[in-house]
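We will walk through it stop by stop.

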Amino acid sequence: MEIRSPEFRQKSTEALGDVQLQRALGNVKRGFIAKRQKAIDNLPEFEHLRDRAREIKTHTLKHLDLYLEAYERKVAESGGHVHWAASAEDARETILAICQRAGARSVTKGKSMIAEEVALNPCLEVAGIEVVETDLGEYIIQLRNEPPSHIIAPAVHLNKEQVEADFRRVHTELPAERSLEEPVELLNEARAMLRQKYLDAYIGITGANFLIAETGSSIIVTNEGNGDLTQILPKIHIVIASIEKITPTLNDASQILRLLARSATGQDMSVYTTLSTGPRRPGDVDGPEEYHVVLLDNGRSSMLGTEFEDMLRCIRCGACINHCPVYHAIGGHAYGWVYCGPMGAVLTPQLIGVDKAGHLPNASTFCGRCEQVCPMRIPLPKMMRQWREREFERHLIPPAQRTGIGIWAWLAKRPRAYQALTGIAVRMLAMLGRRDGRLRWLPLGGGWTRHRDLPAPEGRTFQAMWRDRMRP
Ligand code: SF4
């Protein structure tokens with residue numbers, strides 16, 4: 001996917017005019033928000049858990065090297081292999097090499113945003129390996145050759161009729177007269193199509209919600225059980241995860257797990273929470289013969305000790321996305337890369353460069369809802385502002401915007417000039433809106449008033465009114 005400011009504007013405009021997408025985004029606004037609220041209302045210690053989770057992750061990040069090494073030792077003790085991947089390319093090459101050595105013709109795959117980040121599927125497919133997504137949402141968007149539009153609900157932009165049309169288009173071996181009107185019928189059809197794929201796959205690839213340094217285990221949470229079949233049935237299980245997924249102990253992970261599902265889907269817990277530790281042992285009834293973990297850095301270690309370190313606490317719950325008015329308006333695809341919403345606006349410039357993704361931290365109203373709901377208390381608006389500062393420092397913003405900010409900075413340091421000029425501006429705006437008290441056009445702000453009007457100021461600045469009020 002290409003990501004540039006003009007594409008972002010164009011995709012956003014298209015998204016705003018897409019009636020079907022707007023209807024689907026309404027479900028995000030209503031469903032996720034209400035369910036999360038209900039779940040946390042039922043958990044009095046929710047705020048305490050947030051503090052505890054932040055402490056756990058902050059401590060882990062301070063000692064990340066030690067916990068990663070401890071994790072690697074434990075994985076090796078349990079018979080598994082850890083592969084370090086400094087870049088996306090390293091991760092792809094490592095996984096491709098494991099697949100080719102095993103002679104794998106097909107792999108099943110659980111939902112993994114890290115696999116999206118490193119563009120794993122195209123790499124395997126070019127090498128002649130069939131990749132079958134087993135998460136229902138991922139399966140649907142794979143049929144459509146689309147990227148996910150949300151980190152926990154990849155097909156949230158689609159409606160039932162679109163999915164039915166895709167199933168009829170692709171599952172041509174099934175009777176044309178079958179009924180697919182009910183969601184459960186769609187689910188059953190996907191399940192039937194995937195069953196043989198699970199059995200045929202030589203390798204299963206999953207992500208990980210947590211990697212436990214104490215035991216060398218990986219943990220995935222799912223609602224469909226597809227992750228379990230993906231990692232248990234094939235001969236080889238590959239976990240792909242980024243380094244910040246490390247958590248010191250099972251007890252630490254269990255505390256963060258109490259926040260994860262509540263913040264994501266409003267469930268107390270996801271339906272399946274599955275721990276994997278190494279390959280199958282003698283006496284085990286199932287499990288893979290080989291267990292590999294590909295640990296991706298891809299720029300994350302360079303966030304440590306910087307103003308962006310807090311972002312490494314993210315547990316990918318999606319709550320910030322679900323509460324973001326910008327995401328509600330344009331959906332996930334407009335963001336143009338793997339991560340969307342506020343967490344994407346902070347993470348993407350780090351991963352692909354602020355020169356390519358600097359427009360994302362600018363696509364924010366700074367309403368602060370993302371920080372309010374983030375279970376890990378990540379200061380997302382502050383970090384978006386820091387990206388904006390970096391853009392400014394590196395002369396990446398358009399000259400007109402730069403000049404405007406320069407003028408504002410000059411004025412802000414000179415209170416008398418600031419008050420005089422804002423006084424004039426406010427009086428002019430009051431005149432412009434004198435007919436009915438609304439502004440339908442703003443000098444230098446035509447983009448803002450193109451789709452909405454604004455209440456006109458009363459004719460005096462806040463400071464002038466405040467001075468009058470304070471006067472004895
Ligand atoms: S930034 Fe916070 S709210 Fe957003 S996905 Fe990460 S943990 Fe969840």
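The tour goes from sheets to a helix and then to the cores.

This is a predicted model: local features need pLDDT of at least 70, side-chain atom pairs count only at pLDDT 80 or more, and totals for chains, interfaces and linings use all residues. Residues are numbered from 1 along each chain as its sequence is written, and side-chain values use heavy atoms, without hydrogens and water.

**Stop 1: the six-stranded sheet**

Helices (H or I, at least four residues) and strands (E, at least two) are DSSP runs, numbered from the N terminus. Select β1, β10, β7, β4, β2 and β3, in that order: they form an open sheet with parallel pairing. Two strands pair if DSSP finds at least two bridges between them. Now look at β1 (81-85) and β3 (130-133). Each has a single partner strand, so one side of each is left without a neighbour in the sheet.

Zoom in on β1 and strand β10 (residues 290-296), which pair over five bridges. Trp 84 stands opposite Leu 295 in β10.

**Stop 2**

Between strand β5 (residues 210-212) and strand β6 (residues 217-222), the pairing is antiparallel, over three bridges. Find Ile 212 there: Ser 217 in β6 stands opposite.

**Stop 3: helix α9**

Select residues 160-170. Which residues of helix α9 are buried? They are Val 163, Glu 164, Asp 166 and Phe 167. Buried means under 20% relative accessible area, with a 1.4 Å probe and protein chains only. These buried residues of α9 pack against α8 (136-143) and α10. At the N-terminal end of α9, Asn 159 is the cap: a side-chain oxygen lies 3.2 Å from the backbone nitrogen of Glu 161.

**Stop 4: the cores**

A nonpolar core is a set of buried Ala, Val, Leu, Ile, Met, Phe, Trp, Tyr and Cys residues joined through side-chain atoms within 4.5 Å. The largest one has 91 residues; Leu 124, Ile 203, Met 311 and Tyr 339 touch the most other members. Helix α5 (residues 88-102) gives the largest share of this core, seven residues. Finish with a second, separate core of 16 residues, including Ala 70 and Val 82.

Key:
Buried means under 20% relative accessible area, exposed over 50%, partly exposed in between (1.4 Å probe, protein chains only). Contact means heavy atoms within 4.5 Å. A polar contact is a pair of N or O atoms within 3.5 Å; within protein, one must be able to donate a hydrogen and the other to accept it, and residues adjacent in sequence count only if both atoms are side-chain atoms.
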